[in-house]
Amino acid sequence: MLKELQIFLLAILLLSCGFLYQLTLKSSCLFSCLPTNKSQQGLGSLLGKGRSIVFLETSERMEPPPLVSCAVESAAKVYPEQPVVFLMKGLRNSMPLPPNSTYPAFSLLSAIDNVFLFPLDMKRLFEDTPLFSWYTQINSSAERNWLHVSSDASRLAIIWKYGGIYMDTDVISIRPVPEENFLAAQASQYSSNGVFGFLPRHTFLWECMENFVEHYNSHLWGNQGPDLMTRMLRLWCKLEDFQEVSDLKCSNLSFLHPQRFYPISYPEWRRYYEVWDTDPSFNDSYALHLWSHMNQEGRGVVRGSNTLVENLYRKHCPRTYRVLVQGPEGLVTGELGPGDK
C-alpha cells in the first residue's frame, strides 16, 4: 500500500513539473511560441498571394494599445479568408519576454486564426526599391519624425512588392473594400495615405517611392505621406470635386469618396468619444479612421459610457473589448504610434 502511494505521488509530481515547464515556456517567448502552423509560414508566402491586409508598427513598442488591437481584430473579422499581417519593428524571432511581463493584446491577436505577426526588417523590405539607397545612407537618429517617415516608406514598399491593402492602426474595419487599386480621399482633391490598396508592382507606387526620395523632407509633416500621395495623384489624374457619394475613376485606380473611411473629419475627431442619440449606420463606409494623432488628450474607451467608440468596439472588435477594456469605470488609453495618424 505504501509503495502504491509513493508511485501515485511521484506521478503527480512529474505531471506538475511538466505543467510548470509548459507554463514557463509560454510565458517566456513570443514569436517562437505562436501555433506551429502560423510560425512556420513565411512572410513572403503569405503576402505573395496579394490579398493581405497589412498593419505596421515602426516603434519598438511590443504591446499594442486597445485601438491597435481593435484595428487588427476588426480587419480579421471583415476579411476572414485573407491573411491580416502585423509587422512590428520590436519583434524578434524567438525573443524572450522580460521577466514577470504580460502582453494580453499580443496574446489576443496571436490567437486569431488569420492574424500573423512578423518582425519588420526595413533594410530587407526596401531592397529592390528606390527607397533602399535612401534608407542605407540616412542617419535615422538625426531625423525629425523618423517613426512616421519610416512608416510612410514601409507601407509604400510592402504594398508595391506584394499587393494588398495597407491600413493605419487606428482604422476600424466595418465591411470589405471592393476595389483592387485605390486611394482614400481625406477631403475633396486631397488623398490620405492611411488606407490604400494595390495589386503587386503597381506603377503608381513605384513612382511614389521615387518621388519620396527626390522630394524628401522630414521637417514637413505629411510631406512623405498624404502630401506625397496627393501630388502623385494630381500627376496621374485630373482631379474633380466629388459628386454626392460617388468615387472617382482615373486610369486603372479609384479615388474613393471621403465617406468611405473619413465620415467624421479630423476637426470633429472628438465625436467618436461622445454619446450619440442614435449611432450612425456608416452605410457608405468601409472602415473608420479614428484620428489618433489628433487625440493628444488621451481619450479612450470607458466601459458602460455608451460613447460611439465603445459601441464600435463592442460590434467590430468584441475580443478586444472583452479583454482589454478594463472595469466599469476603467479608462483605456495608450501611447500613439506611427501608424495612428
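Reply: Buried here means under 20% relative accessible area, exposed means over 50%, and partly exposed lies in between (1.4 Å probe, protein chains only). By that rule, 51% of the 341 residues in the chain are buried. This is a predicted model, where local features need pLDDT of at least 70 and side-chain atom pairs pLDDT 80 or more, while totals for chains, interfaces and linings use all residues. Residues are numbered from 1 along each chain as its sequence is written, and side-chain values use heavy atoms, without hydrogens or water.

The chain holds twelve helices and twelve strands (DSSP runs numbered from the N terminus: H or I of at least four residues, E of at least two). Contact means heavy atoms within 4.5 Å. Among contacts between residues at least 6 apart in sequence, 77% join residues at least 24 apart.

Eight strands form an open sheet in the order β3-β2-β1-β4-β7-β6-β9-β8, and the pairing is mixed (two strands pair if DSSP finds at least two bridges between them). The edges are β3 (115-119) and β8 (248-250), each of which pairs on one side only. On average, neighbouring strands are turned by 25 degrees against each other, direction ignored (axes are lines fitted to C-alpha atoms, for helices over the stretch in contact; angles run from 0 to 180 degrees between N-to-C directions).

Now β1 itself. Five of the five residues of β1 are buried, so the strand is largely enclosed by the rest of the structure. Ile-53, Phe-55 and Glu-57 point one way. Val-54 and Leu-56 point the other way, and these are buried too.

Next, the partners of β1. β2 pairs with β1 in the parallel sense, over five bridges. Phe-55 stands opposite Phe-86 of β2. β4 (residues 164-167) also runs parallel to β1 (residues 53-57), and two bridges join them. There, Val-54 faces Tyr-166.

Helix α8 (residues 146-162) packs on this sheet. The helix touches β1, β2 (84-88), β4 and β7 (190-198). Its direction makes about 35 degrees with that of β7. Ser-154 belongs to α8. With a relative accessible area of 0%, Ser-154 is buried. Leaving aside neighbours within four places in sequence, Ser-154 contacts Leu-56, Thr-58, Leu-120, Met-122, Leu-125 and Phe-126. Leu-56 is one of the β1 residues named above.

Helix α10 (residues 226-236) lies across β6 (182-187), β7, β8 and β9 (253-256). α10 runs at about 80 degrees to β7.

The axes of α9 (residues 203-214) and α10 come within 10 Å, crossing at roughly 125 degrees. From α9, the residues involved are Thr-203, Phe-204, Leu-205, Glu-207, Cys-208, Asn-211 and Phe-212. They meet Leu-228, Met-229, Arg-231, Met-232, Leu-233 and Trp-236 of α10.
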